[in-house]
Amino acid sequence: MKISHDFDLTGVTTFHIPVKARIYAEYESIDELRSLLTAPAYAGMSRLHIGGGSNLLFTEDYDGLVMHSAIRQIAIARETGSDVYLKVSAGVNLDSFVEYCIEHNLYGAENLSYIPGEAGASAVQNVGAYGVEAKDLISEVFTIDTATGDEMIFQAEECDYGYRHSIFKTKDFAGRYIVTDVVYRLSREKHFTLDYGPLKELASVDGLTLRDVRNRVIEIRRSKLPEPDRLGSAGSFFKNPVVTIEKYNELKAEYPETPSYPTPDGVKIPAAWLIENTGMKGKSTGGAQVYPRQCLVIVNNGDATAADVVALFGEIREKVAAKFGITLSPEVNIIGKL
Ligand SMILES: Cc1cc2nc3c(=O)[nH]c(=O)nc-3n(C[C@H](O)[C@H](O)[C@H](O)COP(=O)(O)OP(=O)(O)OC[C@H]3O[C@@H](n4cnc5c(N)ncnc54)[C@H](O)[C@@H]3O)c2cc1C
């Protein structure tokens with residue numbers, strides 16, 4: 001196990017904002033994780049488990065223990081008919097898991113290509129892209145209960161999955177359960193999800209392969225989103241708000257071009273459209289900027305501080321609320337005082 005004191009988190013978070021953790025521990029086995037949880041030296045300290053740090057904004061130094069898994073295994077858990085269940089350790093890079101599926105001709109995960117982060121967080125965040133969400137594949141989530149050190153296995157139905165939501169994000173579960181492995185259900189049977197706009201054109205391609213879909217997804221993502229290694233960000237900073245039909249009708253009356261998507265809970269309005277229509281596209285505060293190619297993303301142009309990002313976040317929220325009467329919620333996990 002690697003334990004570091006006063007650890008600079010810049011390199012383990014994709015926002016690349018300079019903040020420190022009092023202790024940073026990277027464990028290589030579940031026994032090591034259990035020993036961290038019971039070590040008297042860390043008793044009573046705040047604790048946070050991170051993955052690839054691609055959906056985090058630390059607003060200040062973290063006065064506690066930051067944990068990360070260095071366990072990276074993929075194994076077949078079982079097979080039933082054409083379904084293959086892969087047990088993937090939390091520390092496996094999500095895109096490496098997708099690549100593994102492509103190499104082994106397993107269908108289902110290809111639309112999740114190139115999403116930053118790790119398998120463990122995919123089950124917490126219910127990551128999604130191009131019409132597929134992690135919940136569509138997840139069968140079970142293996143966790144360690146930090147209160148007892150016991151293993152707890154959650155069936156997908158128990159995880160309360162929704163749009164970028166799971167039970168692991170709720171008050172009583174966040175921080176209590178550390179995901180150690182995720183079991184995903186893939187299929188040997190050829191099938192694709194190509195309903196999302198830019199992927200539709202692939203539906204007519206003869207002999208379409210998993211590799212073709214993966215390559216197209218990566219191509220689209222590269223054209224729209226910042227590459228974490230080159231330009232710091234945490235992906236979409238805001239969730240797309242879901243409003244009532246009445247609210248939507250009000251908006252439509254005032255702004256007839258308002259884009260919308262019906263959902264079971266109301267009408268989803270793209271947050272990027274709201275932000276763009278407040279004139280914030282490309283606007284900067286210090287080193288933080290609303291990404292000109294995708295307004296949902298706040299980028300670190302190199303020297304952004306957490307205060308710059310927080311100020312820009314606040315300004316966007318105020319402008320959207322003032323113009324449209326909608327309060328945007330952050331998709332990014334904000335750690336520290338706002
Ligand atoms: C350029 C870019 C593009 C992105 N595109 C997308 C996209 O298309 N779709 C999408 O859904 N997201 C996207 N994201 C957001 C991000 O990739 C996802 O939220 C991802 O799941 C975060 O994974 P992570 O391992 O980096 O988790 P982190 O950011 O490290 O952590 C996220 C949350 O999960 C918790 N957590 C992490 N690991 C564990 C664990 N083992 N046990 C318990 N809790 C844990 C953390 O405490 C935190 O609350 C993007 C981000 C970037 C930077």
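Three strands form an open sheet in the order 14-16-15, with antiparallel pairing. Strands are DSSP runs of E of at least two residues, helices are runs of H or I of at least four residues, and both are numbered from the N terminus. Two strands pair if DSSP finds at least two bridges between them. The edges of this sheet are strand 14 (242–243) and strand 15 (261–263), each pairing on one side only. Strand 14 and strand 16 (residues 266–268) run antiparallel and are joined by 2 bridges. V243 has V267 of strand 16 as its bridge partner.

The model is predicted: local features need pLDDT of at least 70 and side-chain atom pairs count only at pLDDT 80 or more, while totals for chains, interfaces and linings use all residues. Residues are numbered from 1 along each chain as its sequence is written, and side-chain values use heavy atoms, with hydrogens and water left out.

A further open sheet holds 5 strands in the order 6-7-12-10-11, and its pairing is antiparallel. Its edge strands are strand 6 (74–80) and strand 11 (151–155), each of which pairs on one side only. From one strand to the next, the twist averages 20 degrees. Angles run from 0 to 180 degrees between N-to-C directions, with axes as lines fitted to C-alpha atoms, for helices over the stretch in contact. Strand 7 (residues 83–89) runs antiparallel to strand 12, and 7 bridges join them. S89 stands opposite D181 in strand 12.

Strand 12 (177–187) also gives two or more residues to the shell around the ligand. This shell comprises 31 residues, the closest being H49, G51, G52, S54 and N55. A residue counts as near when one of its heavy atoms lies within 4 Å of the molecule. By class, the shell divides into 15 nonpolar, 13 polar and 3 charged residues. Nonpolar covers Ala, Val, Leu, Ile, Met, Phe, Trp, Tyr, Cys and Pro; charged covers Asp, Glu, Lys and Arg; the others, Gly among them, are polar.

A backbone N or O atom of H49 is 2.7 Å from a ligand oxygen. In the side chain of S54, an N or O atom lies 2.6 Å from an oxygen atom of the ligand. The side chain of R221 places an N or O atom 2.8 Å from a ligand nitrogen. Taken alone, the ligand exposes 970 Å², and the protein buries 93% of that. Accessible areas follow the Shrake-Rupley method with a 1.4 Å probe.

T10 lies in the loop between strand 1 (2–8) and strand 2 (20–27). Beyond residues up to four places away in sequence, T10 touches H16, I17, P18 and V19, with contact meaning heavy atoms within 4.5 Å.

Notes:
Polar contact = N/O pair within 3.5 Å; in protein donor to acceptor, adjacent residues only side chain to side chain.
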